[in-house]
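Here is a short briefing on one protein model. Keep the structure open as you read, and find each part as it comes up.

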Amino acid sequence: MDCDIYSLPLFSGGDKELINNILQENPARHRLYAKGDIIALQGYVCKQLYLLCSGSAYARMVSEEGKEFTLDTLSAPEVLASAFLFSTEGIFPVTIIAASDCSIRLISREAMLRILKADQRVMQNYLRVISDHSMFLSNRLVEFALQTLSSRIVSYIESNGPITNLQETAFILGVARPSLSRAVSQLVAQGTLVKTAQGYTLSTI
């Protein structure tokens, strides 16, 4: 199994010879995961950068009360856990689960630090990746802290298209399926949503 890391925005424009030399001295590992496999567990030590080379994965948080919340879904090519690698605690605050069969390339923290020090372009890319993820998390916080469930449903459809699976959408939105079903039914009755062959979508009227 191979992974072209230069297809990832993180390494776009980087010095391939320099990066390859560093990775030869610090060989990266490759792993395959089947749909549903745990890639990284919440609370575990984060010592490597996870590069999602193919497939998709989602990040899930579990509260002390056992409530689950899907924070984000990522599709290849993408970087996982970019903001955790150099954090003070150095742990995964989320569990990362394979949403489909996927392949991961792991680069050690030491090798990544060497690359960042040696290649300014990759450093700039890394800062942008972290900043974009932080902005996304900020928007998610606003969405879940300030919006009603109805507003979150509308926002979800605007961003992801029709709701085709209520159970899956309830999991992503972090609510019980019955609560989502009631809210969707109310939005249909209000004329905000319509049920089509593709699923529940926004009304065009």
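Two strands count as paired if DSSP finds at least two bridges between them. With that in hand, start with the sheet. This is a predicted model. Four strands form an open sheet in the order β1-β8-β3-β6, and their pairing is antiparallel.

**The four-stranded sheet**
- The edge strands are β1 (29-33) and β6 (78-80), and each of them pairs on one side only.
- From one strand to the next, the twist averages 30°.
- Three bridges link β3 (residues 48-54) to β6 in the antiparallel sense.
- Across that pair, tyrosine 50 stands opposite leucine 80 in β6.
- Helix α2 (residues 109-118) packs on the sheet and touches β3 and β8 (102-108).
- The direction of α2 makes about 70° with that of β8.

**Strand β4 and its partners**
- Strand β4 covers residues 56-62, and five of its seven residues are buried.
- β4 runs antiparallel to β5 (residues 68-75), and seven bridges join the two.
- Methionine 61 stands opposite phenylalanine 69 in β5.
- β4 also runs antiparallel to β7 (residues 95-98), here with four bridges.
- Alanine 57 has alanine 98 in β7 as its bridge partner.

**Nonpolar cores**
- The largest nonpolar core has 42 residues.
- Leu10, Phe11, Ile39, Leu49, Leu51, Ile107 and Met112 touch the most other members of this core.
- Strand β3 gives the largest share of the core, five residues.
- Look at leucine 51: beyond its neighbours within four places in sequence, its contacts include Ile5, Leu8, Leu10, Phe11, Val79, Ile104 and Ile107.
- Leucine 51 also contacts Glu78, Ser103 and Arg105.
- A second, separate core has 14 residues, among them Ile157, Leu166, Ile172 and Leu193.

**Helix α5**
- Which residues of α5 (residues 166-173) are buried? They are Leu166, Thr169, Ala170, Ile172 and Leu173.
- These residues lie on the same side of α5, because they cover an arc of only 160° around the axis.
- An α-helix has 3.6 residues a turn, so residues three or four places apart point the same way.
- Asparagine 165 caps the N-terminal end of α5.
- In this cap, a side-chain oxygen of asparagine 165 lies 3.0 Å from the backbone nitrogen of glutamine 167.
- Glycine 174 follows α5, and its phi is positive, near 75°.

Methods. Residues are numbered from 1 along each chain as its sequence is written. This is a predicted model: local features need pLDDT of at least 70, side-chain atom pairs count only at pLDDT 80 or more; totals for chains, interfaces and linings use all residues. Side-chain values use heavy atoms; hydrogens and water are left out. Axes are lines fitted to C-alpha atoms, for helices over the stretch in contact, and angles run from 0 to 180 degrees between N-to-C directions. Contact means heavy atoms within 4.5 Å. Buried means under 20% relative accessible area, exposed over 50%, partly exposed in between (1.4 Å probe, protein chains only). The arc is that of the directions from the helix axis to the C-beta atoms. A polar contact is a pair of N or O atoms within 3.5 Å; within protein, one must be able to donate a hydrogen and the other to accept it, and residues adjacent in sequence count only if both atoms are side-chain atoms. A nonpolar core is a set of buried Ala, Val, Leu, Ile, Met, Phe, Trp, Tyr and Cys residues joined through side-chain atoms within 4.5 Å.
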